[in-house]
Amino acid sequence: MGQKSTGGYSLKTIAWLPVASTQRFEQLDYIAQDNPLAAMSQDEEIEHQVDMLMQHPQMGRPGRLRGTRELVISRTPFIAIYRVKGRRIEVIRLLHSSQQWPVQARRRSL
């Protein structure tokens, strides 16, 4: 994770914001209670696919909130919500696919 350079140009930097980082580890800890190997495997997938954003920041679909993008993490039930700010990619949430996003949509439907 972080900044890398190739061929004389610098790739983008990945920054996990505190809420996203907390969500990531809480959800993986929950999975690890039943299956530690599955939790490790899913964390590796998350790390690998999010790191790909350094070279391909637009690979996620347009987000439901303006200024965001959503990366569906294949082989996992997770979606990384991120935004691109200059040379920095900020992961702002890591959601389980069963979670409602954005939260306000749930409130409006009540």
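These are my notebook entries on the fold of a predicted model.

**Ground rules.** The model is predicted, so I took local features at pLDDT of at least 70 and side-chain atom pairs at pLDDT 80 or more, while totals for chains, interfaces and linings use all residues. Residues are numbered from 1 along each chain as its sequence is written, and side-chain values use heavy atoms, with hydrogens and water left out.

**Elements.** I found 3 helices and 7 strands in the protein chain, taken as DSSP runs (H or I, at least four residues, for helices; E, at least two, for strands) and numbered from the N terminus. Along the sequence I read the pattern β-β-β-α-α-β-β-β-β-α.

I looked up the strand order and got 3-7-6-5-4, an open sheet of 5 strands with mixed pairing; strands pair if DSSP finds at least two bridges between them. Strand 3 (13–16) and strand 4 (61–62) are the edges, each with a single partner strand, so one side of each lacks a neighbour in the sheet. Strand 5 (residues 69–72) runs antiparallel to strand 6 (residues 78–85) over 4 bridges. Within that pair, Leu 71 is opposite Ala 80 of strand 6.

**Helices on the sheet.** Helix 1 (residues 18–34) packs on the sheet and touches strand 3, strand 6 and strand 7 (88–96), its direction making about 35° with that of strand 7. Helix 2 (residues 36–51) also packs there, touching strand 3, strand 5, strand 6 and strand 7, at about 135° to the direction of strand 3. Contact means heavy atoms within 4.5 Å; axes are lines fitted to C-alpha atoms, for helices over the stretch in contact, with angles from 0 to 180 degrees between N-to-C directions.
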